[in-house]
Amino acid sequence: MTAVVQKTALTGCLAPIDKGGLEQLIANGKANPKVIKTLKCKTVAEGKFRHANYIRNLAPYIVDEPPGLLGDDTAPNPSEASLAALGSCLAVGLHANAVHRGWIVNKLELELEGDLNITAVWGTGDVSEKPVGFTDVRVKVDMECEGISKEEVQALIDHVKKWSPVANTFTRPVNLEVGI
């Protein structure tokens, strides 16, 4: 009798993850924990406040502003895109960690909202001293896993928040250089 090696991890109603690929990523990270990867994006203004963002060899990722901010409302605005990045990063972490623990994920949805003051109008409006950017972000996770308690899911959420690259970008200072 031949043993069958599971190449994918079933995740309930979600598409399966390559379990071997996940284990290889884990091993690579442990073997070289100080490696830094540089990600790149080229942003090109198309007109008004619509921008095409070129990342790897993907189709352009469009960012626009809603009509209330003088855009054409054809895509998320930059702040909404940052919420999407946070939600996606947390969801990837939750899914990967659940699979790594052998959990079957039947549902994974995140709802995000953030509060920000936009009266500075990108530095052209009220530039009195105030926080610029998000002051508060709330994430509600709806995750259902077979046979896993809410307490275990909450512990996983706490773990993933700690190790999410995008969550860490939101919660700690980052060196930012902008120039010619």
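Helices (H or I, at least four residues) and strands (E, at least two) are DSSP runs, numbered from the N terminus. This is a predicted model, in which local features need pLDDT of at least 70, side-chain atom pairs count only at pLDDT 80 or more, and totals for chains, interfaces and linings use all residues. Residues are numbered from 1 along each chain as its sequence is written, and side-chain values use heavy atoms, with hydrogens and water left out.

**Whole chain.** Start with everything selected. There are 4 helices and 7 strands, and along the sequence they run β-β-α-β-β-β-α-β-β-α-α. The radius of gyration, taken over C-alpha atoms, is 20 Å, well over the 16 Å of the globule rule for 180 residues, so the chain is more spread out than a compact globule. That rule is 2.2 Å times the number of residues to the power 0.38. Along the principal axes, the C-alpha atoms fill a box of roughly 70 × 35 × 35 Å. Of the 180 residues, 23% are buried; buried means under 20% relative accessible area, exposed over 50%, and partly exposed in between (1.4 Å probe, protein chains only).

**The largest nonpolar core.** Next select Leu94, Trp103, Leu108, Met143 and Leu156. Of the 17 residues in the largest nonpolar core, these touch the most other members. Such a core is a set of buried Ala, Val, Leu, Ile, Met, Phe, Trp, Tyr and Cys residues joined through side-chain atoms within 4.5 Å. Two or more residues each come from helix H2 (78-100), strand E6 (105-117), strand E7 (133-145) and helix H3 (150-163). The largest share, 5 residues, comes from H2.

Now centre on Leu108. Setting aside neighbours within four places in sequence, Leu108 is in contact (heavy atoms within 4.5 Å) with Leu14, Ala91, Leu94, His95, Val141, Asp142 and Met143.

**Ala96.** Move to Ala96, in helix H2. Beyond its neighbours within four places in sequence, Ala96 is in contact with Ile17 and Leu22.

**Two loops.** Select Arg56, in the loop between strand E4 (50-54) and strand E5 (61-63). Its phi is near 50°, a positive value in a residue other than glycine. Arg56 is exposed, with a relative accessible area of 70%.

Finish at Val121, in the loop between E6 and E7. Val121 is not a glycine, yet has a positive phi of about 45°. At 34% relative accessibility, Val121 is partly exposed.
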